[in-house]
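Here is my note on the model, point by point. Please read it with the coordinates open.

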Amino acid sequence: MLPTDVSRPDYWHRVVDCQWACPAHTNVPEYIRLIGQGRYADAYLLNRESNVFPGILGRTCDRPCEPACRRGRVEEQPVAICRLKRVAADLKGEIRDRLPRGPFRKNGKRIACVGAGPASLTVANDLLPLGYEVTLFEKLSAPGGLMRSNIPAFRLPESVLDEEIGYILDMGADLRLSTPITSMRRLLEDGGFDAVFVGSGAPRGKDLDAPGRHDSPNVHVGIEWLESVAFGHTTSVGERVLVIGVGNTAMDCCRTARRLGGRDVKVMARRDRPYFKASPWELEDAEEEGVEIVVNHAPREFVVRDGRLQGMLFDRLEWSVDAQGRQRSRTIDTVFFPADDVILAIGQETAFPWIERDIGIAFDASGQPVVDRVTHQSSREGVFFGGDAAWGPLNIIWAVAHGHAAAISIDLHCRGEPLDRRPPQGMRLVSTKMGLHEWSYANDYDASRRQKMVHVDLERRFGDLRLEVEVGFDAAQTAREVARCLNCDVHTVFRASACIECDACIDICPVQCLTIVRDPGDDLQALEARLSAPRAHPDQPLYVSGPLPQTARLMVKDEDVCIHCGLCTERCPTSAWDMQKFDLLQPYAGRPACPT
Amino acid sequence: MTYIKKPAVRHPGLEKNALGLTLRDYEGSMSTLCAGCGHDSITAAIIRACHALSIAPHTVAKLSGIGCSSKTPTYFLGGAHGFNSAHGRMPAIATGAGAANRRLLLLGVSGDGDSLSIGLGQMAHAIRRNLRMTYILENNGVYGLTKGQFSASTDLGSKSRRGDPNVVPPIDPVLLALSIGATFVARSFSGDKDQLVPILEAALCHDGLAFVDVISPCVTFNDHEGSTKSYAYVRKHGLPVVHADFVPPADPITLEQEPGTTQIVPLHGGARVRLTKVAQDYDPRDRVRAFAFVQEHLARGEIVTGLLFLDESRPSMHEVMGTVETPLVELPYESLCPGAAALDAITEQWR
Ligand SMILES: Cc1cc2nc3c(=O)[nH]c(=O)nc-3n(C[C@H](O)[C@H](O)[C@H](O)COP(=O)(O)OP(=O)(O)OC[C@H]3O[C@@H](n4cnc5c(N)ncnc54)[C@H](O)[C@@H]3O)c2cc1C
Ligand SMILES: Cc1ncc(C[n+]2csc(CCOP(=O)(O)OP(=O)(O)O)c2C)c(N)n1
Ligand code: SF4
Ligand code: SF4
Ligand code: SF4
Ligand SMILES: [Mg+2]
């Protein structure tokens, strides 16, 4: 069996589960260590490098990192990565003097961004320091995209949004508010821009085509309704509210409704819990606020009498699996739910009525623009898409990741270089050994359980629409949560030539990661059968060494539940193992990573 | 020495034995031996064997003398009884403990210094009595604890770390054991758990003294070029002649029994061991030929390994001496101390 190729960053990167899962590949373990050392500003800036909005994301991120976190495989709960990010943002103090500060020497290139959501703002963040002139055209009267217009202030305070958007605008972005782009042709022909980035999001809420839909003004489209609440146009709602759909938008709608006067608020779901789209923590928060979640009810029609909404009829469904393994529903009966308002939260989609179809920007059959997955360029050179506009609704951190990638493309495009010759990622691996039993990281396993976020009490919540619900971790919680991180970026790096096959590392490993096996050739199954503990997650990498000097057997490490305690390294008499800290060096526009 | 303790966190998929215990439940305190010491690997093999046999730790008495090897009982079976005796006196303590409580599973750990120098007489008599115990000799060819002096198992010509050759001929513990009537004799290597663990499993089920000589390199004082007990030397010169598969009582024998190469030997308590010849001319049931074979190969510088000799027919000390079945602690006071009249009667017998 060939030894695992560990010469490129991908192998090590993948072992850092959180960083690998993060679309922007934020260096999570390193910033958690910085928080542990009280270096909040350093932690914040490290975060900002890749995710641009640590304060915003520390409250609202979809957290793909957490389900990936190794801690969740070792015990039950992942590290509260997102909450720790917020700690750094809250406690960092003044950092303005450590951000790129203009005026920058102009390079004469002009970039237009359509929309001022997180995708466009990231493009601006990356390109402004390089001397680009970046103009952001925004339809609404404030920047931030859905972060401002849809994410309720009780989850994301305005001050946090203003601060982090401010850091970017202050680099000299040209923000044009209340300026919708109504013709792409005009923008391209008359704007004089060298490149256009479309970060207009997925602004159209899906409607429900059911009888009675348009017979009452009390039926609302969720994202429009949230926007009108955010901008102060809607300040109340009826006592009985039905929210249709069970995604994240539905959660924000029902919780907002509770604050605007809704007393009996129900979320109506077609299916049962395992199929809900909303994140578990959002469901929990909604239920804590007294929202009832009704499962297996499909909307049938709106009941409107004398122009007044009475409520809705639903089909009560029973689900089963047919012979082909498909989910089938059967209607048991039809039931009526009274309501004063109904809010539709069944999804959103992109809408490009302002892009002419004859200007070289191709759209596919479903009306989506044709966009390259890597370069973000459309079929028209110099026009790029990112964020929700590119492939439909995702989330903030994906919008940021798209923004970084698009900025690299725009920079290459403006410099006349091919877009596919992208700067590669680099890496650094440095030993953490400081002394006989000393490491530059805390290697002891801390058995603390995940810390619980404290919420302000319900009465205060419902009295103030904009009061942030989550209090944030206090110092003791932070200290405990930081210690739960397993430092997955401090890798066990093996040097086969030094191993004397004494088994010390294998015997000491508390979680049975290591095995020395006779070379099984290409037979992966034979190798798996020999592992010291069953291979629970075949998607987790195996690290296979070259032949060991004395017997030509192989050292195999199942990375799955390694807690990075370094005991293998401490017990190795020949330093065949070393604990080395990995830094993923990511390229950004105009800033290639160091060569590997 | 390691500063952080092995944390209690365990692999979520770790196998549980019949007692519901995992491997981790058979550990002891953190080892204080040098990193890479063969003795630690034997400790790990003992842990595996006890886990596989679902031995309840509190039914075991760990016994040892003095030396790095004799320190190791602290590092396994934290829930067992233990006794660190004076240098070389482990067999006497084991004999007493066994006589007092036949139900204890005796697990003795000793070194080449502890057993072949100061304790040679002790070891020989325990073997001769066929005391029911597992006797592990962790053999590194030096006095590790006292900084690496040659021991009684150092081969002629084997060099010290400073480069001086040994000039006094060694005692081979396997030949010694065979010659004084041992009923279970094995030799293995700390760096080969595939061989060692089943041997230990069989040893723990043997009805008599199971003698296991385990070559166990001392990384600090005897793992250099010129040593005949280094990892590299043992790997190069080791000669496995018979492979032992331990078959638990409940398991059927699955592999075909090939006459001539495979023998199934029943052990105490329903378990069996399947012995497969690796060397054609070797017979683990023939003491005289086994002795000759080991001696011949020793002369050629080869280290013969495997479960080298097994004889389940000889009675253990308990049968020979007629020791009492019930542990002494469980006997009523009147039986243990029958009073002056009974003593007088005994004395009267010998007048
Ligand atoms: C209710 C709700 C809650 C959400 N909660 C979360 C959450 O907690 N965490 C998370 O990660 N994600 C959340 N999301 C998703 C997240 O907000 C989006 O994925 C993200 O904002 C997309 O960023 P973007 O820059 O692509 O577009 P957007 O944020 O949608 O920004 C696009 C901007 O472009 C403007 N625009 C559109 N068309 C034009 C035009 N023609 N001319 C000028 N301007 C235009 C829009 O007004 C808007 O300001 C939520 C979404 C919704 C609807
Ligand atoms: C009566 C007595 N004599 C001498 C010593 C010194 N001493 C301690 S350990 C040891 C030798 C141990 O050698 P071995 O049994 O091979 O153990 P190792 O450390 O090599 O595992 C000696 C001579 C002692 N502790 N007690
Ligand atoms: S660092 Fe080494 S000893 Fe610790 S869990 Fe990982 S492989 Fe095992
Ligand atoms: S502890 Fe070191 S020398 Fe011993 S087997 Fe492990 S890697 Fe090899
Ligand atoms: S001195 Fe030798 S025998 Fe003793 S612990 Fe160290 S390596 Fe093992
Ligand atoms: Mg010794």
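Which element gives the most to the shell around ligand 2? It is α4(B), with 3 residues. The points below start from that site.

This is a predicted model, in which local features need pLDDT of at least 70, side-chain atom pairs count only at pLDDT 80 or more, and totals for chains, interfaces and linings use all residues. Residues are numbered from 1 along each chain as its sequence is written, chains are lettered from A and ligands numbered from 1 in the order in which they are written, and side-chain values use heavy atoms, with hydrogens and water left out.

1. **Ligand 2, the shell.** There are 17 residues around ligand 2. A residue counts as near if one of its heavy atoms lies within 4 Å. The closest are C68(B), S69(B), D112(B), G113(B) and D114(B). By class, the shell holds 6 nonpolar, 9 polar and 2 charged residues. The classes are: Ala, Val, Leu, Ile, Met, Phe, Trp, Tyr, Cys and Pro nonpolar; Asp, Glu, Lys and Arg charged; the others, Gly among them, polar.

2. **Ligand 2, polar pairs and cover.** An oxygen atom of ligand 2 lies 2.7 Å from a backbone N or O atom of D114(B). A side-chain N or O atom of N140(B) is 3.0 Å from an oxygen atom of the ligand. For V142(B), a polar backbone atom is 2.9 Å from a ligand oxygen. Areas come from the Shrake-Rupley method with a 1.4 Å probe; for residues, only the protein chains shown count as cover. The elements giving two or more residues to this shell are α2 (68-71), α4 and β5 of chain B. Helices (H or I, at least four residues) and strands (E, at least two) are DSSP runs, numbered from the N terminus.

3. **The magnesium ion.** D112(B) (OD), N140(B) (OD1) and V142(B) (O) coordinate the magnesium ion (ligand 6), at 2.1 to 2.2 Å. Donors are N, O and S atoms within 2.8 Å of the metal (3.2 Å for Na, K and Ca); water is not among the atoms, so sites may look incomplete. Along the chain the donor spacing is D-x27-N-x1-V. D112(B) sits in helix α4 (residues 112-116) of chain B and N140(B) in the loop between β4 (133-139) and β5 (142-143), so the pair ties together parts 28 residues apart in sequence. D112(B) and N140(B) are both buried. Buried means under 20% relative accessible area, exposed over 50%, partly exposed in between (1.4 Å probe, protein chains only).

4. **Ligand 5.** Residues around ligand 5 include C34(B), C37(B), C68(B) and C218(B). N140(B) is also one of them. The shell divides into 7 nonpolar, 4 polar and no charged residues.

5. **Ligand 1.** Of the 35 residues around ligand 1, T60(A), E138(A), L146(A), R155(A) and D388(A) come nearest. Ligand oxygens lie 2.9 Å from a polar backbone atom of L146(A) and 2.9 Å from one of I396(A). Taken alone, ligand 1 exposes 990 Å², and the protein buries 96% of that. Two or more residues each come from α9 (118-127), α13 (222-230), α14 (248-259) and α17 (396-414) of chain A. The shell is made up of 16 nonpolar, 13 polar and 6 charged residues. In α9(A), 10 of its 10 residues are buried.

6. **A buried aspartate.** D560(A) lies in the loop between β22 (554-558) and α22 (567-571) of chain A. D560(A) is buried, with a relative accessible area of 1%. Its side chain makes a polar contact with the side chain of R73(A) (2.6 Å). A polar contact is a pair of N or O atoms within 3.5 Å; within protein, one must be able to donate a hydrogen and the other to accept it, and residues adjacent in sequence count only if both atoms are side-chain atoms.

7. **Backbone points to check.** A cis peptide bond joins G102(A) and P103(A), with omega about -5 degrees. D306(A), not a glycine, has a positive phi of about 50 degrees. D306(A) is exposed, with a relative accessible area of 77%. N487(A), also not a glycine, has a positive phi of about 55 degrees. N487(A) is buried, at 7% relative accessible area.
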